[in-house]
Amino acid sequence: MFLYFEHCNLISILMSDLNNKYKNKNMIIFNLKKLEEKLRDRPLQASQLFSYFLIYVFLMILNFNFSEESGTDKWIMVLTALISITVTIGFLIYTFNICKGFGSEDRFLELYFSLGFVVAIRFVVFVMIPLAILVSVLNSDFLDLPIPDLIFFSLLEIIYYYLLLQSFQRVLMPTKID
């Protein structure tokens with residue numbers, strides 16, 4: 001327990017230090033259109049990209065630590081992981097090739113971490129939270145079954161990557177001259 005609090009204190013100090021160093025860098029957290037316009041105009045500074053990367057890694061660590069469900073069959077967990085890996089790698093390769101097609105492969109990580117962060121925040125607010133409310137209101141046992149649960153979350157992952165892909169394309173497409 002003490003180690004947990006020390007870990008939280010260390011994270012708090014690191015985040016405070018980062019906030020002080022990069023205070024004037026204007027990290028965009030929710031406004032996807034604004035971030036897309038900013039990325040279309042110019043690349044992010046390394047410190048801005050690092051902020052997106054740091055938060056992304058922190059959230060992934062939280063996800064791995066809190067995602068293990070007791071009582072879930074091992075074959076469902078393995079199948080879920082395989083589907084998630086396939087979808088993620090497939091979309092990453094496809095998205096990288098789109099960047100490459102526009103001659104922007106050197107900006108792939110910049111676009112992935114910054115746009116991915118904002119798309120994920122918006123996805124949680126506009127899709128995941130309403131779905132969680134809907135499922136709790138309906139009090140449906142349907143999603144407690146392994147196969148519908150697997151299909152449902154796989155579809156959500158595909159929708160997330162589709163939205164991210166659309167954002168990539170909006171940044172990489174040349175703007176129309178008025």
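# A tour of the helix packing and core

Start with helices H2 and H5, which are roughly antiparallel to each other, because their angle falls in the range over 145 degrees. The model is a predicted one. The computed packing angle between H2 and H5 is about 170°, and their axes lie 10 Å apart.

Next, select the residues that make this contact. On the H2 side they are Leu 32, Leu 35, Glu 36 and Leu 39. H5 contributes Glu 110, Leu 111, Ser 114, Leu 115, Val 118, Val 119 and Arg 122.

Centre the view on Leu 115.

Now widen the selection to the largest nonpolar core, a set of 27 residues. Tyr 52, Leu 111, Leu 115, Leu 164 and Phe 168 have the most contacts inside this core. Colour the elements that give two or more residues to the core: helix H2 (32-41), helix H4 (74-101), helix H5 (108-138) and helix H6 (146-172). Of these, H5 gives the most, with 9 residues.

Return to Glu 36 and show side chains. Glu 36 forms a salt bridge with Arg 170, at 2.8 Å from N to O. The pair joins distant parts of the chain, with Glu 36 in helix H2 and Arg 170 in helix H6, 134 residues apart.

To see another salt bridge, select Arg 107 and Glu 110, whose closest N and O atoms are 2.9 Å apart. Both Arg 107 and Glu 110 are buried.

Finish on H4. This helix has 28 residues and spans 40 Å from its first C-alpha to its last, close to the 40 Å expected at 1.5 Å a residue. Select its buried residues Ile 76, Val 87, Thr 88, Phe 91, Thr 95, Ile 98 and Cys 99. In an α-helix there are 3.6 residues a turn, so residues three or four places apart point the same way. Past the end of H4, stop at Gly 103, which follows the helix and has a positive phi, near 70°.

Note on methods: Residues numbered from 1 in each chain as written. Predicted model: local features only at pLDDT ≥ 70, side-chain atom pairs only at ≥ 80, totals over all residues. Heavy atoms only, no water. Core = buried A, V, L, I, M, F, W, Y, C linked by side-chain atoms within 4.5 Å. Buried < 20%, exposed > 50% of the residue type's maximum accessible area, 1.4 Å probe, protein only. Helix = DSSP H or I, 4+ residues; strand = E, 2+ residues; numbered from the N terminus. Salt bridge = Lys/Arg side-chain N within 4 Å of Asp/Glu carboxyl O. Expected span 1.5 Å × (residues − 1). Axes fitted to C-alpha atoms, helices over the stretch in contact; angles between N-to-C directions. Parallel < 35°, antiparallel > 145°, perpendicular 65-115°, else oblique. Contact = heavy atoms within 4.5 Å.
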